[in-house]
Amino acid sequence: QVQLVESGGGLVQAGGSLRLSCVASGRVFRVNTMGWYRQGPGKQRVLVATITSGGTTTYADSVKGRFTISGDNAKNTVYLQMNSLKPEDTAVYYCNVVMGVGAYYWGKGTQVTVSS
């Protein structure tokens, strides 16, 4: 029904930047929230940042001041600008969308690797 495609991951040195993008396609309507989660090796998947259709944002404490989430409702697209990257940011980053009816979808993830 809904597909999420992430892009922008890659390998970067500590202190560098990356910009992730996620585009939702298919039967996308009444979007409540879009966001980014990440899962490092041997760790649980955790929230990185979310943005509601009204523009309200939420960030994990670990990324505040370094990451910025933004979205375009008309394009069903969400972005994650990541600055001052640290090795501990290394993870698979997953895009997520929550519909108003409560349905949720995940992208396949994109690898972000930060070298020291």
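## Strand pairing and salt bridges: worked exercises

R38 stands opposite V46 in β5. The model is a predicted one, in which local features need pLDDT of at least 70 and side-chain atom pairs count only at pLDDT 80 or more, while totals for chains, interfaces and linings use all residues. Residues are numbered from 1 along each chain as its sequence is written, and side-chain values use heavy atoms, with hydrogens and water left out.

**Exercise 1.** Find the strands that pair with β4, and describe the hairpin that β4 forms with β5.

*Solution.* 
- Step 1: Begin with the terms. Strands are DSSP runs of E with at least two residues, numbered from the N terminus; two of them pair if DSSP finds at least two bridges between them.
- Step 2: Look at β5 (residues 46-52), which pairs with β4 in the antiparallel sense over six bridges.
- Step 3: Follow the chain between these two strands. The hairpin has six residues between β4 and β5, and G42 in the turn has a positive phi of about 70°.
- Step 4: Turn to β9, where eight bridges pair it with β4, again in the antiparallel sense. Here W36 has C95 in β9 as its bridge partner.

**Exercise 2.** Work out the strand order of the open sheet that contains β1, and identify its edges.

*Solution.* 
- Step 1: Four strands make up this sheet, in the order β1-β3-β8-β7, with antiparallel pairing.
- Step 2: Its edge strands are β1 (2-7) and β7 (67-72), each of which pairs on one side only.
- Step 3: From one strand to the next, the twist averages 15° (axes are lines fitted to C-alpha atoms, and angles run from 0 to 180 degrees between N-to-C directions).
- Step 4: Zoom in on β7, which six bridges join to the antiparallel strand β8 (residues 77-82). One of the residue pairs is F67 with M82 in β8.

**Exercise 3.** List the salt bridges and trace the network around D89.

*Solution.* 
- Step 1: Apply the rule: a side-chain nitrogen of Lys or Arg within 4 Å of a carboxyl oxygen of Asp or Glu. The count comes to three salt bridges.
- Step 2: In one of them, D89 meets R38, with the closest N and O atoms 2.9 Å apart. D89 lies in the loop between β8 and β9 (91-99) and R38 in β4 (residues 31-39), so this pair ties together parts 51 residues apart in sequence.
- Step 3: R66 also forms a salt bridge with D89, at 2.8 Å from N to O. This pair links distant parts of the chain, 23 residues apart, with R66 in the loop between β6 (57-59) and β7.
- Step 4: Shared partners join R38, R66 and D89 into one network.
- Step 5: Check burial (buried is under 20% relative accessible area, exposed over 50%, partly exposed in between, with a 1.4 Å probe and protein chains only). D89 is buried at 1%, R38 is buried at 11%, and R66 is buried too.
- Step 6: D61 and K64 form another salt bridge, at 3.1 Å from N to O; both of these residues are exposed.

**Exercise 4.** Describe the surroundings of T110.

*Solution.* 
- Step 1: At 10% relative accessibility, T110 counts as buried.
- Step 2: Collect its contacts (heavy atoms within 4.5 Å). Leaving aside neighbours within four places in sequence, T110 touches E6, G9, L20, A91, V92 and Y93.
- Step 3: Take G9 from that list. Its backbone nitrogen lies 3.4 Å from a polar atom of the T110 side chain.

How values were computed
Polar contact = N/O pair within 3.5 Å; in protein donor to acceptor, adjacent residues only side chain to side chain.
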